[in-house]
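The sequence and structure are shown first.

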Amino acid sequence: MAALLTLALLSVVSVQPNRIAPGEDYSLVAIVGFEWLIPVLLPLVGVVCLSWWSPPRWGDYAMLTITLVYLVSWPWALSLFCQMVVDSSQQAARASIGPGLWAWLFFSLLILLELQARLHVPRFGRWSLWLSLIALISLPFWLGALSDLALVREYQGNTEQFMDAMHYHVALVSAVVAVSLMLAVLLALLMRSHERLQRGVFAVLSVIQTIPSLALFGLLLAPLAWLSSRFSILADLGVQGIGWAPALLALVGYSLLPMTRNTYVALESIDPQVIDAARGMGMSRWQVFFQVRLPLALPVIIEGVRITSVQAIGLAAVAALIGAGGFGTFVFQGLGQAAMDMVLLGALPIIIMAVLVDTALSALAAWCRRGDVNA
């Protein structure tokens, strides 16, 4: 019902003479007219009726089919609208996706997730479904059918900067996760060997976690600038008060608490009887750790990596304020220029990256759990 109402009542497209000037909003009624509104929305009304009726399995498949047809069709419909309305004689003219279409896409994806769970689609089927959907939606973009879309215009005008930002963002997040994982394992092992360290370590990491991100970036500016001026090797490495160095240190500080807690809890929660059985088989201390304790703790450790990765992907955007680069550059540049499509050019890849990482690591953790059960 929410998807139907947002699509019917809110503006779905906005046409602008240039990237900054306010555009003219178009609702679905204004685009197709009253005579075509009911035929366009009738399948979605059918989804609403089927969901209320709680039909058998065939009804779920009907809702899934209708939802997929809508999701695959909207880029082509938007392309047709752009060809009809956007003035090709004005080089800067463009069309932007309106709030109604964004909200409808969000609700449609929720419907798809609900139907996927209700139909108990196997893992291979889910991956095939999502990959096919992404490919079909991306097709009109790759074919140039949506060249008048403001988001596409922003990408075309900043292709090189976009690729650099993507590489920088991925590299920064990867470095943060790798460093955090190594430090978390080291701290967890130290706390297991010296229990008195547990309270102090978690207290310090909790304090770091409570500091606002911008404040933590600011606290690191002066010390890093001083170290860079005193030690030439740090300056040669690019360590300074702004840039990647304070971003890396701050993000590692934020990542240590969930990573360390999950690693410590995972290593401590192993059944003592399993450890005793391994020792009874003649395993050494390190064999017990690497062949028994670590494999059993791996799913929980991966969950910590998942939480840290998603958190780092989002916080890396804020680090653009101190010259750290990444997709956050587009977000803040767009906000400064009142260009919302440039904001989306930075925000959408961050969302997609976070969802992909979360999905991949969740699947990896589930696979490790199945491996433990089978073992």
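Helices here are DSSP runs of H or I with at least four residues, numbered from the N terminus. By that rule, Thr263 is found in helix H12, which covers residues 244–268. The model is predicted.

## Overall architecture

The chain contains 16 helices and three strands. Its C-alpha trace spans about 80 × 60 × 30 Å along the principal axes.

Of the 375 residues in the chain, 41% are buried. Among contacts with a separation of 6 or more, 72% are between residues 24 or more positions apart.

## Helix H1 against helix H3

Helix H1 (residues 2–9) and helix H3 (residues 34–53) have axes that come within 9 Å and cross at roughly 155°. Because this angle lies over 145 degrees, H1 is roughly antiparallel to H3. The crossing of the two helices is left-handed.

On the H1 side, the contact is made by Ala3, Leu4, Leu7 and Ala8, and on the H3 side by Leu41, Leu44, Val45 and Val48. By class, the contact of H1 with H3 consists of eight nonpolar residues, with no polar and no charged ones. An α-helix has 3.6 residues a turn, so residues three or four places apart point the same way.

Helix H3 also holds Glu35. Glu35 counts as exposed because its relative accessibility is 59%, and the cut-off for exposure is over 50%. Between Glu35 and Val12 there are 23 residues in sequence and 18 Å in space, C-alpha to C-alpha.

## Helix H5 against helix H6

The second pair comprises helix H5 (residues 99–118) and helix H6 (residues 123–142), whose axes come within 12 Å and cross at roughly 160°. This angle makes H5 roughly antiparallel to H6. H5 passes H6 in a right-handed crossing.

Leu109, Leu112, Leu113 and Gln116 are the H5 residues that meet Arg126, Leu129, Trp130 and Leu133 of H6. The classes represented in the contact of H5 with H6 are six nonpolar residues, one polar and one charged.

Helix H8 runs over residues 159–193 and has 35 residues. From its first C-alpha to its last, H8 reaches 51 Å, close to the 51 Å expected at 1.5 Å a residue.

The buried residues of H8 are Phe162, Ala165, His169, Leu172, Val173, Val176, Val177, Ser180, Ala184, Ala188 and Met191. Two of these, Ala184 and Ala188, are among the contacts of Thr263 described below.

Is Thr263 buried or exposed? Thr263 counts as buried because its relative accessibility is 1%, and buried means under 20%.

Which residues does Thr263 contact, leaving aside its neighbours within four places in sequence? They are Ala184, Val185, Ala188 and Ile301.

## Ala360 in helix H16

Ala360 is placed in helix H16, which covers residues 340–374. With a relative accessible area of 39%, Ala360 is partly exposed, as this value falls between the cut-offs of 20% and 50%.

Ala360 and Arg306 lie 54 residues apart in sequence, and their C-alpha atoms are 8.8 Å apart in space.

Conventions
Residues numbered from 1 in each chain as written. Predicted model: local features only at pLDDT ≥ 70, side-chain atom pairs only at ≥ 80, totals over all residues. Heavy atoms only, no water. Axes fitted to C-alpha atoms, helices over the stretch in contact; angles between N-to-C directions. Parallel < 35°, antiparallel > 145°, perpendicular 65-115°, else oblique. Left-handed = near helix turned anticlockwise from the far one by under 90°. Contact = heavy atoms within 4.5 Å. Nonpolar A, V, L, I, M, F, W, Y, C, P; charged D, E, K, R; others polar. Expected span 1.5 Å × (residues − 1). Buried < 20%, exposed > 50% of the residue type's maximum accessible area, 1.4 Å probe, protein only.
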